[in-house]
Structures are given as structure tokens and as C-alpha cells.
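Please keep the structure in view while reading.

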Amino acid sequence: MEKDNGFDEYCREVFEDGPFSGYHAEIHVIHGKQKDVVVANDIEGKAKRVINFCSNNYTGLAADDRIIAAAKRTLDTHGYGLSSAPLMCGFQDIHQQLERELSEFHGTDDTLLYPSGYHTNVGLFAACFGEEDAIFSDALNHASIIDGIKLSKAKRFVFRHLDLDHLEEQLKAASDYRFKCIVTEGIFSMDGDILELPKYVALAKKYGAVFYLDECHATGVIGKTGKGTVEYWGMDPSDVDLISSTLGKAISGGGGGYTTGKKNMISYLRQCSKTFIFSNSLCSPIIGASLETLKIFREDPGIFERIKEKGLRFRKGIKAAGFDVYGDDDCPICPVSVTDEHFARHFEVELFKRGYYTIGLGFPIFDQGLARLRIIVTATHTNEQIDGLIEAFKEVAKECNFWENLRGYRQKVEDGLVIGKPDWWKPLAAKL
Amino acid sequence: MEKDNGFDTYCKEIFEDGPFSGYHAELHVIHGKQDDVVVANDIEGNAKKVVNFCSNNYTGLASDKRIVAAAKKTLDTHGYGLSSAPLMCGFQDIHQQLERELSEFHGTEDTLLYPSGYHTNVGFFCACFGEEDAIFSDEFNHSSIIDGVKLSRAKKFVYKHLDLDHLEELLKGAEDYRFKCIVTEGIFSMDGDILELPKYVELAKKYGAVFYLDECHATGVIGKTGKGTVEYWGMEPSDVDLISSTLGKAISGGGGGYTTGKRNMINYLRQCSKTFIFSNSLCSPIIGASLEALRIFREDPGIFTRIKEKGMRFRQGIKAAGFEVYGDDDCPICPVSVTDEHLARHFEIELFKKGYYTIGLGFPIFEQGLSRLRIIVTATHTIEQIDGLIQAFKEVAEECNFWKNLEGYRQKVEDGLVIGKPDWWKPLAAKAKL
């Protein structure tokens, strides 16, 4: 006897209804390399040359010739894969070298490589904290941090995004816990905010809390020599207990992650972090490419100056064109506000037609009315490309009567007239 | 005012006490490539050529010249990294090609690439199931499945390892749930057990449950053409709703994972699975190497016969030498029982001295008395290497009076005289017990 499990039908319905504001997230297929100019399929599937403004390739190194050469060299010397966890037979001399160089780069005691940034966060909290401990997490922390905290039995406190007073209030009330751990991000990539690190460090020290900082969008992005939020604020590496970061964004973008910080804590994680113990080791081209990137960072710290300048050029220009932009001036992530997710979609499609590859983000990632195009400017974008994008924004806005519509929409939101989502939204929104 | 958070000291204490039976897990550093023979550091840090019997390089392809060449070619055509999530600008034509070829390989409708096997499991259950649903999970499922199931709000039922009666009992008692999902592994790598797939499929159909099968140690390992547990039992790909597997073991071992199965379910995951949405895309050498591995599988299915034969040779030989081995004959994972974790450590060190790289596994991964050396035989191990390992086992056993000690130890365990662990074990054991 066979009973239909009903799940296939459920999946079909949700997919056909469109899980995101009635849209499917679509995948543009890219042909060839990730550079400023890519060949990507538009929504009809036709390949088109477009200028890419939505990658996390902050340093522009993802398809750099030097990186490719280094990856190839490492394939020759160290083979391709290890088919093994690091504690079995998956730790090569080059892994050890990369861990050391990352420690040098950050000015920390020790580093632990993980298969991804996601692994670093999922594998930290459950390894370190239990029922007698408390974790304080920013409301807009990344999915991997949220998952990591959920897997721990510690008490969770969520503080309002970047709200130091709220965090302090929670810390004050939590004197009975064994360990307290504050977790936040150095740069919040959805908003382009740079964390006011000194204030968090001060709070951590005042209340005796462990401070865990996710630097995935800050390493290789801000700071004079790309060392992230700690360097940006002129602080000491030892002010932060542990930093988790990624090899999948500014550090040439092939994937991989790491946690770096105090020796005892890293030694502990190496023994007890499940996502480290029960996972495959990173393949050699990733190690080779990452080592080469750190070398380039040392030899050409001007990259970080260029990231900052290019980002600022776009930010100033798009503001001058009348748009609102979220985030800090020194951050190359420039989320351009378009308020409504249907606009976000519209701008995305229209900008693509004009040769600019951008991503519109809206509900349910953000609340209603906060949809945006998240423009990411890299070290290798040219002034022409940046100015061209600003111009394209202006054209699209004119053609769709954006400014008029925007006033009307904002009024509607204020008057509570924005039509809500259908009921089936709720379970999905809750999942995300 | 500065208060010490106390955490650094805590970490130091645990580490110095030795979280594993008083030992630290140690990293042997490998110089050069992952092959049957590797150059690895021993516990003093001296580099030594040893025959590697502890990797998941089942097909022996991890450093194969063809794989290395394919990875290099893909670097030339597609660059290195994408610095992007797939739904942003991280999906290249080669990713699409790999998803299609994996679907063809498995005989499934669609495939979704993930950054790792860990991601596939962590991102599955909470995307699909909520409070109104129930998940039935084998107690020895992998850490990533346990984490994935924990993250879901579904009701969780854990059934005794490979115990179909217990599973059926739980399914029977779960009438009122919206969706039921059974999750288990095709090959359990700690024991070398091959799942009796037909019986699970039957139960899933009888009770209308979704069947999710983790094939990480089965894909490219068993089955006539390496298609895993489904092929091994002669079943239809559509008998299993979803398979999660890895590119980090038999499929050349560089990392990466995927979920493959019914189209509607894969479409759904592509939209709703957080570990897919909020993660980086796989870099091009991984895609190129994986495509090449699939091509080699098509051209040379003899690999899988070799895996089976070599595994069998070791298994039979080590049994003839008097050792007990866990698991199924057709499985190249041969966990050799040594009972006590101090013995596991001893064998590990002594075998290394004799030129064989093995790993002893004990408490807290297993209960007391179940320690083992997990020997993994690959398609490319030679007869000499396999026979040499068996011989080395015999020598070590003789030299440390193993058989005598074993009798004594087993008696002690039965008499309840095995000394327990210190108290601080408990938090760590609880964490590791998952």
C-alpha cells in the first residue's frame, strides 16, 4: 500500500505561487569569468555583456591572473582534493601556512580554517556555550550566526540592530550567567553599516563578555591595509576575542572560512567545534589562491584606498541624483533605496537592459517599504562604469515616474494603505 | 573597568586536560599530495612516507592527473572565484552543467549545488518542515543531519540505529502530523554498514513519509556504476524523494555538496533553503574537477569493482588475522575493533611507525569499549599495501600483547570495572553525543 506524502505537491504550490512577493528568485547564468564585466543571461536566457555591481568581489581579485596562476601552481604541487577531514588526513603544510599567515595578517594568536564562513558560525556557539551561558546577538546578524546560536543551549538575547543601549540593558540584567558572549558583524552587508567597534569593545570589557565579531564583509574591505573593522578604528587585535571571516569574498572569493583570535580559544575550537571536526578540508587551489591574495594585500595596500574612493564616488553621485542610500560613507556597499519591492524588481530588470547587473532586494528580507538595490563597488570598477550606473539609475527613474510614485507610496505606507501579503507568506517569512 | 570574561582560561583548561580521553586530537601535517602514499608528519613532527588508509578518497581520484588538469583548464576559462551567492551573480554555466550531469548520474529530475555536504543537511529541514511535521532520524546520523533537524521546529523522533521495527513503531504513532520525513544515511561511515534501502522505502511508502537519504559515503563508492545505495539495491531513483551527497569524497574530494531528487522539491529548496541562499557559490576548479570525475566514472566504471574487491581483500585478511571488523562486506570502510581507546591510540602510533597512516577512533565518538581503527580501502591501493597493513596489524598486536589484554578488558567491561571518566567529561560528551 502506498500513501502519497503530499510534500511534492506542497513544494510545487509554493514554488508556483512565487515565494518572494509573487516572484521566483531567478538565477542569471554567467558565462566565463567573474570580473567587472561579465557575460550573463538576462531573464529571457539571452547572454549579454553587463557590468557587475552585485558581487562581493571587493578587491577585484576573483578572476585575477595572479590568483589563477597561484591556484594552478598549487594544484601541481599539492594535488586537487584531500577527501578527508583535517583531523584525519586533510591538513597539508599549505593549510598550516595559510593559518599562520591569516594570524599574522589579523595580528592574532592563532587561526582555524573551516570549509566556509557558514561553518565558522554554526560551529562556534554549540561548542562553547551551554545552558549556563548567555549570547547577545544583533537583530540583523547573518543567517549563519542565527543558526549557530539556535544550536546552542545558551540563553539568547537579541538586541535591536546597532542599539548599544539595548545591548547594555540586556548585559546589565544578565549577571547570573557563567559566560556572556556578544556577537555582531563588522560590516552589515544589507545596509552598508560599519560597526562602532570601540563602543562594543568597551561594553564587552565592562561586563566581562566574550566578544565574537563576524568580519566577512570587512576583511579585505576596510582599514588602511584591509585588516577590517579592528584596523579601521585603530584598535588592538586583542580587543576582540574571536573574529570569524571568509575566503569567499574579498580574499579572492573561491570559498572557505576561518576563525582567528586568542590561542586558547582557537585550540579549544580545534578540538570541539563539530563543523570543523566533521567536515572536509579545503582543496588546494583555494589555499593557493588565498595565500596569493594575502601576498597581493601586502604588496599593494592601495587596493583598499581604491575600494574606498570608488565606493564614495558612487555614493555621492547617486545621492546627488536624488536617491537615498543606506550605510556609511566608507563602506563600498551602497544599498540604494527604492522603497517597494516591485520597484526593486523593475530597476533590476531595467538596469540590466542598460548593461548593469544589479540585485533588487525586498520583502521578506526586509520589512515592507525598505526594498533596495544593493550596489557593491569594487577596487577595479572604472569611473566610467560608476558614472554610467548613476546615469542609468536616473534614466530608469524618469521613465517609470519613480519620484512621483515614491511620494505616493510613502504616503500610502504612512496611511497604512499598503496591501498586505497573502497568508501563505507567513510560514515562509518565519523560516527565513 | 575591565572584567575578565573567564572564557580564555576555561578554553585553556579543557585543552590542556585533553578533551579526548586525555588526548588532544592531533593534526598530522601532510606535505604534498593526497595519494595512496603520502608524506606526513608523525607525532614528533618528522616527515615520513606512509601508506594512507584513512581518507575518503574511495576512487583514488583526489590527486589524479586528469582531475588536476581539468581544474586547471576551468581556472583558465572561468576564473577562480565568484565572490557571490548563486542567486546574486554566483552561478556560472559550468555550475548549471554540473547540476544537470549530477541529475543524469543519479537518474533524478533536478539538482541543487551547495558549498558543502554540511550545508545540504543544515539547510534542508528548517526550510521544509515546521511544528506540524515530524522527522524520524537514525540515532547515528551525521552531525550535519542532527544540526539540521535541531534547527527545524518539527517534532523529532530518533530511532535506534538501523532498527526498522523501532522506526515503524514511531511512524505508526505519528498519524496526526502534516508531513513525515525519514532521514538516514546510505552508508554509515563509522561502522561500515550499508542501509537496507528497500525496507526503508517500503516503510516510507506505507506511511506516506518523505524519504531523505544522505549518500555522502555511498555516491561513487557502491553500486555497479557508483550511483550509490539506490543502484546497489537495484531500486528506482524515484523511490527516494531527495538524496544529499558530496563532491568532497569519492567525486575527487575537493569539497562541495548537492541535493538531488524530485523537481518540485529542488525548486522549492532553491527558493527557500538558507544555506543555499546565504552562502558563496563554489569556485570553478571544484566544478571542473567534479565534471571530470563524473566523466571518468562514465568511462571507467571498473573503479567501483576495484573498490569492492580491495575492500574485501582487506576485510577477509584482517579477519583471518583474528580481528573483528564492523560493517558489511561490500563496504570499503573496514572499522577494525580494538575495544579500548588507549589501544586505538597505540595501534595508530605503532602502525604509523611501520609506515601506515590510520586513525584510531574512540570515546566520545563511540561508547566505551567500541573503539576502532577505521581503515578505508580505495580503488588505487595495491595488493602489497593492503597485505602489508594486515601484517603490520598482526605485528603490533603481538608486540603489545593485544589478545591477552583484550580478553581481560572485555571481562572488565562486563564486570563494570572500567573506570569512568572525570566529571568534566560530561559537558563535552554531551556536546559530542549530539
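A salt bridge is here a side-chain nitrogen of Lys or Arg within 4 Å of a carboxyl oxygen of Asp or Glu. Asp191(A) and Arg372(A) form such a pair, with their closest N and O atoms 2.6 Å apart. This is a predicted model, in which local features need pLDDT of at least 70 and side-chain atom pairs count only at pLDDT 80 or more, while totals for chains, interfaces and linings use all residues. Residues are numbered from 1 along each chain as its sequence is written, chains are lettered from A and ligands numbered from 1 in the order in which they are written, and side-chain values use heavy atoms, with hydrogens and water left out.

Chain A is divided into domain 1 (7-58 + 302-429) and domain 2 (65-299), with bounds from an automatic or database domain assignment. Their C-alpha centres lie 28 Å apart. Contact (heavy atoms within 4.5 Å) involves 20 residues of domain 1 and 21 residues of domain 2. Between these domains of chain A, 1 salt bridge is counted.

Helix H1 of chain A covers residues 7-17; helices are DSSP runs (H or I, at least four residues), numbered from the N terminus. Its buried residues (under 20% relative accessible area, 1.4 Å probe, protein chains only) are Phe7(A), Tyr10(A), Cys11(A), Val14(A) and Phe15(A). Viewed down the axis of H1(A), the buried residues fall within an arc of 125°, so they line one face of the helix; the arc is that of the directions from the helix axis to the C-beta atoms. Gly18(A), with a positive phi near 90°, follows H1(A).

How values were computed: Buried means under 20% relative accessible area, exposed over 50%, partly exposed in between (1.4 Å probe, protein chains only). Helices (H or I, at least four residues) and strands (E, at least two) are DSSP runs, numbered from the N terminus.
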